[in-house]
Amino acid sequence: MKTTALILPGFQGSGAEHWQTYWERADASFVRVVQRDWDHPVCEEWVSALEKALEKVDSEVILVAHSMACLLVAHWASKEHRAIKGALLVAPPCALSPSFPKEAKGFENTPMLPFNFPSIVVASTNDPYASIEYTQTLARAWG
């Protein structure tokens, strides 16, 4: 069966030189989920946009999330949702960190529940938005 990778950019979207954009250009099965406002994200709106994108896909789905979009996935996964094949979560930030964008609303209570789909969390030790210890806590909580 065909698989669609839904690209979920973080705060301010993924620009022309971002790895998500390269992946999207390289393969037609990679489809970007467009948000109404990349600069003033509202978690509830981002979750709704993901739901609407999923309704349009008639294949298996893998979510490919970067930064703030990892938190979007956690919020989406904590509610009843369509089954997906899995998720790649790259550089999830700490919504309570002083470096987290003040423009973002509704991301602060990050669900710490296991996902009901396989996931991989990718992180680095020099991420200014989350410590490696925090990211490891998220990875364990999400399963």
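**Exercise 1.** Is K85 buried, partly exposed or exposed?

*Solution.* The model is predicted, with local features requiring pLDDT of at least 70 and side-chain atom pairs pLDDT 80 or more, while totals for chains, interfaces and linings use all residues. Residues are numbered from 1 along each chain as its sequence is written, and side-chain values use heavy atoms, leaving out hydrogens and water.

Step 1: take the cut-offs, where buried means under 20% relative accessible area, exposed over 50% and partly exposed in between (1.4 Å probe, protein chains only). Step 2: K85 has 41% relative accessibility, so K85 counts as partly exposed.

**Exercise 2.** How many salt bridges does a search of the whole structure find? Describe the ones made by R32 and R36.

*Solution.* Step 1: the search finds three. Step 2: R32 pairs with E24, with the closest N and O atoms 2.8 Å apart. R32 is buried at 19%, whereas E24 is partly exposed at 24%. Step 3: R36 pairs with E45, with the closest N and O atoms 3.0 Å apart. R36 is exposed at 63%, and E45 is partly exposed at 32%.

**Exercise 3.** Describe the surroundings of Q20.

*Solution.* Step 1: Q20 belongs to helix 1 (residues 19-26) and is buried, with a relative accessible area of 0%. Step 2: its side chain makes a polar contact with the side chain of S14 at 2.6 Å. A polar contact is a pair of N or O atoms within 3.5 Å; within protein, one must be able to donate a hydrogen and the other to accept it, and residues adjacent in sequence count only if both atoms are side-chain atoms. Step 3: the Q20 side chain also reaches the backbone oxygen of V64 at 3.0 Å. Step 4: not counting residues up to four places away in sequence, Q20 touches I7, L8, P9, S14, V64, A65 and H66, where contact means heavy atoms within 4.5 Å.

Notes. Helix = DSSP H or I, 4+ residues; strand = E, 2+ residues; numbered from the N terminus. Salt bridge = Lys/Arg side-chain N within 4 Å of Asp/Glu carboxyl O.
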